[in-house]
Structure formats: C-alpha cells, structure tokens
Amino acid sequence: MDSVNIPQLGQLVRIIRGKDSGKFAVIISVEDQRFVWIADGDKRKFDQPKKKNLNHLELLQTISSEVVDSLEESGRVTNGKLRFALKKYVIPMNSEAHEKGE
C-alpha cells in the first residue's frame with residue numbers, strides 16, 4: 001500500500017458505495033487496514049459514526065487540521081467542527097467541478 005491509500009484521522013472521504021453514495025464525510029477513527037469510522041456532523045453525528053470498508057470510500061487529499069487537533073486534544077470533535085471542515089473543503093471542490101463543466 002502506498003501512503004495515498006492509508007487513511008488518516010481528519011481525512012476527508014467521498015462515499016462511493018451504499019445509500020450515502022456521493023456524500024462526503026471525515027475519518028474520525030481508523031479501525032484497521034480495511035475499516036474506518038466516519039462522521040459528517042449532520043446526518044451522521046460524532047457519537048454515532050458509521051463503520052465503512054475502505055473499498056467503499058474514495059480517500060481525498062484533504063486532511064482537516066481542525067478535526068485532527070480536536071481529536072488529539074480531547075479524543076472527540078464537535079459536530080459543528082465536522083460540518084465546518086466539510087463545508088470549507090467540499091464547497092470549493094464542487095464549484096471547481098462546476099466551472100470545469102464536469
């Protein structure tokens with residue numbers, strides 16, 4: 001495995017399989033080589049994260065430093081911070097895709 005495919009805390013992901021397909025979330029815990037726990041702070045709260053197989057996720061290059069700092073300091077992150085991280089990174093990505101005509 002190369003470093004691009006190794007999930008990291010605070011990393012943003014796009015869900016590519018399942019009923020949440022096409023949505024974005026943040027990795028809040030890494031279970032092992034195959035599974036991570038994700039949350040988006042909205043429908044999927046920090047207190048009830050979703051366990052996902054890495055094969056069902058597209059790992060994005062972006063890692064939210066706010067989420068990482070919060071998890072390292074207190075072991076948890078607020079749902080507001082998760083929503084903020086997703087808004088901060090996903091909206092610019094969507095507008096770039098829109099400008100390119102994708």
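Mentor: Let's start with E58, which is partly exposed at a relative accessible area of 31%; here buried means under 20%, exposed over 50%, and partly exposed anything in between, for a 1.4 Å probe and protein chains only. Keep in mind that this is a predicted model, where local features need pLDDT of at least 70 and side-chain atom pairs count only at pLDDT 80 or more, while totals for chains, interfaces and linings use all residues. Residues are numbered from 1 along each chain as its sequence is written, and side-chain values use heavy atoms, with hydrogens and water left out.

The partner of E58 is R14: the two form a salt bridge whose closest N and O atoms are 2.8 Å apart (a side-chain nitrogen of Lys or Arg within 4 Å of a carboxyl oxygen of Asp or Glu). This pair links distant parts of the chain, 44 residues apart, with R14 in strand β1 (residues 11-15) and E58 in strand β5 (residues 57-63); strands are DSSP runs of E, at least two residues long, numbered from the N terminus. R14 is partly exposed too, at 25%. Altogether the structure holds six salt bridges.

Another one joins E31 and K51, with 3.7 Å between the closest N and O atoms. Because E31 lies in the loop between β2 and β3 and K51 in strand β4 (residues 50-53), this pair ties together parts 20 residues apart in sequence. Shared partners also join D20, K23 and K43 into one network of salt bridges. D20 is buried at 13%, whereas K23 is partly exposed at 40%.

The lining of the largest cavity includes D20, K23 and K43, along with F24, K50 and others. On a 1 Å grid over the protein atoms alone, a cavity is a set of points where a 1.4 Å probe fits but cannot get out, and lining residues have an atom within 4 Å of a point. The volume is about 80 Å³, meaning the space filled by probe spheres set on grid points, which are joined across faces, edges and corners. Strands β2 (24-30) and β3 (35-39) each supply at least two lining residues. The lining divides into five nonpolar, no polar and six charged residues, where Asp, Glu, Lys and Arg count as charged, Ala, Val, Leu, Ile, Met, Phe, Trp, Tyr, Cys and Pro as nonpolar, and the others, Gly among them, as polar.

Note on methods: 1 Å grid on protein atoms, 1.4 Å probe; cavity = no way out; pocket = protein on both sides within 12 Å on 5 of 7 lines; lining within 4 Å. Helix = DSSP H or I, 4+ residues; strand = E, 2+ residues; numbered from the N terminus.
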